[in-house]
Amino acid sequence: MTGSHAKLEVEGLVKAFPAAAGRERVVALEGVDLRLAAGEFVSIVGPSGCGKSTLFNILAGLVRPSSGEVLLGGRRPQELLGKVGYMPQKDLLMPWRSVLDNVTLGLEMNGVKRREARRRAKERIARFGLAGFERRWPTNLSGGMRQRAALLRTFLAGREIMLLDEPFGALDALTRQAMQEWLLEIWQADRKTILFITHDVEEAVYLSDRVYVMSGRPGRMQLCVDVPLPRPRTFAMIASPEFVELKARLLRPLHEAATRQLEAQGAHV
Ligand SMILES: Nc1ncnc2c1ncn2[C@@H]1O[C@H](COP(=O)(O)OP(=O)(O)OP(=O)(O)O)[C@@H](O)[C@H]1O
Ligand SMILES: [Mg+2]
């Protein structure tokens with residue numbers, strides 16, 4: 001299905017990493033299809049190693065697919081690099097640069113003058129909860145602050161589509177909940193289109209318009225579920241029957257895959 005209205009469309013994406021010294025050939029992705037409309041918040045959940053980060057690396061133009069298509073606005077771009085905002089799984093803040101110099105890094109690499117980059121960063125730094133921390137080193141920040149700094153760097157790049165790879169994966173449950181609420185506010189105010197990877201089904205339902213479940217490696221889209229919960233989302237919704245039912249539907253294939261994997265590894269009681 002090719003729709004010119006989709007902001008991002010992925011068709012039959014395959015990625016095989018060739019065998020290298022001491023390493024077997026790995027088929028990471030096997031025919032991934034995906035659609036993202038303008039302004040949507042869509043999440044992907046899937047077992048570890050199923051190719052989620054590989055998919056993002058392809059969409060960001062860092063890795064070439066073996067086959068398949070990536071369309072932006074219904075068209076196949078000559079080059080994907082630089083077309084989307086990308087926050088990789090590791091936040092990659094540079095320990096020798098201050099918070100301010102870290103968040104402006106992407107802009108500077110795009111040729112924006114340092115003074116202008118700083119001006120743009122300072123406009124937003126308060127909304128990202130980093131006011132007063134501009135001169136700190138990344139090692140002196142809490143986990144939540146580090147992630148907000150990495151998110152600010154991604155937002156400042158100014159792309160309409162943003163790929164966020166498990167941005168809250170390393171945070172404790174309470175910080176994570178607060179960050180989810182904050183991210184939804186930022187997303188709604190900025191009208192971005194977000195593709196979000198998480199291991200956490202509850203997080204996926206809470207944030208998203210739609211959730212894709214990937215199979216174990218080689219990764220494919222196994223299930224796609226719409227989340228018809230109203231917005232703005234509230235903390236209280238997590239306990240609603242609709243929320244619990246959606247969570248159970250998404251967890252079922254993941255639970256089956258995890259059980260099969262454990263059995264394949266010979267674990268038993
Ligand atoms: N550059 C590479 N060369 C060879 N194999 C790779 C490369 N990058 C990823 N892989 C392999 O591809 C598979 C998918 O990796 P990927 O990091 O995309 O998984 P993931 O779903 O993001 O996992 P996690 O949930 O643990 O982050 C893994 O088996 C990984 O070892
Ligand atoms: Mg990953």
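# Reading a predicted model, from core to loops

Biologist: Let's start with Val45: which residues does Val45 touch, not counting residues up to four places away in sequence?

Modeller: Two residues are in contact if their C-beta atoms, placed from the backbone, lie within 7 Å. With residues up to four places away in sequence not counted, Val45 touches Thr198, His199, Val201, Ala204, Val211, Val213, Leu250 and Leu254. Before we go on, this is a predicted model, where local features need pLDDT of at least 70 and side-chain atom pairs count only at pLDDT 80 or more, while totals for chains, interfaces and linings use all residues. Residues are numbered from 1 along each chain as its sequence is written, chains are lettered from A, and ligands are numbered from 1 in the order in which they are written.

Biologist: Which residues of the largest nonpolar core touch the most other members?

Modeller: Nonpolar side chains tend to be buried together in soluble globular proteins. A residue is buried if 20 or more other C-beta atoms lie within 10 Å of its own, exposed if 12 or fewer, and partly exposed in between, with C-beta atoms placed from the backbone. A nonpolar core is then a set of buried Ala, Val, Leu, Ile, Met, Phe, Trp, Tyr and Cys residues joined through C-beta atoms within 7 Å. Here the largest one has 59 residues, and those touching the most other members are Val45, Leu59, Leu152, Leu163, Val205, Val211 and Leu250. The largest share of this core is from α5, with six residues. As for names like that one, helices (H or I, at least four residues) and strands (E, at least two) are DSSP runs, numbered from the N terminus.

Biologist: How many residues of α1 are buried?

Modeller: Seven of the eight, so α1 is largely enclosed by the rest of the structure. The buried ones are Lys52, Thr54, Leu55, Phe56, Asn57, Ile58 and Leu59. Just after α1 comes Gly61, with a positive phi of about 85°.

Biologist: And which residues come nearest to ligand 1?

Modeller: A residue is near a molecule or strand if its C-beta atom, placed from the backbone, lies within 6 Å of it. Around ligand 1 there are 13 residues, and Phe17, Ser48, Lys52, Ser53 and Thr54 come nearest. Both β2 (26-37) and α1 (52-59) supply at least two residues each to this shell, and α1 gives the most, with three. To sort them, Ala, Val, Leu, Ile, Met, Phe, Trp, Tyr, Cys and Pro count as nonpolar, Asp, Glu, Lys and Arg as charged, and the others, Gly among them, as polar. By that scheme the shell has four nonpolar, seven polar and two charged residues.

Biologist: How far apart are the end C-alpha atoms of helix α6?

Modeller: The expected span of a helix is 1.5 Å times one less than its number of residues. For α6 (residues 173-190), with 18 residues, that should be 26 Å, and the end C-alpha atoms are 25 Å apart, which agrees.

Biologist: Which residues of α6 are buried?

Modeller: Those are Arg176, Met179, Gln180 and Leu183. They cover an arc of only 110° around the axis, which puts them on the same side of α6; the arc is that of the directions from the helix axis to the C-beta atoms. Over on the other side of α6, Leu174, Glu185 and Ala189 are exposed. The cover on the buried residues includes α5 (143-156) and α7 (201-207).

Biologist: What does Gly144 contact, leaving aside its neighbours within four places in sequence?

Modeller: Gly144 is in contact with Leu171, Thr175 and Met179. Gly144 sits in helix α5 and is partly exposed, with 19 other C-beta atoms within 10 Å.

Biologist: What is the phi of Arg191?

Modeller: Arg191 has a positive phi of about 50° although it is not a glycine. Arg191 lies in the loop between α6 and β7 (193-197), and with 9 other C-beta atoms within 10 Å, Arg191 is exposed. Glu166 also isn't a glycine, and its phi is positive, near 45°. Glu166 is in the loop between β6 (161-165) and α6, and counts as partly exposed, with 19 C-beta neighbours inside 10 Å.

Biologist: Last one: which residue is joined to Pro218 by a cis peptide bond?

Modeller: Arg217, with omega at about -5°. Pro218 is in the loop between β8 (210-214) and β9 (221-226). Another cis peptide bond joins Arg231 and Pro232, with omega about 0°, and Pro232 is found in the loop between β9 and α8 (241-264).
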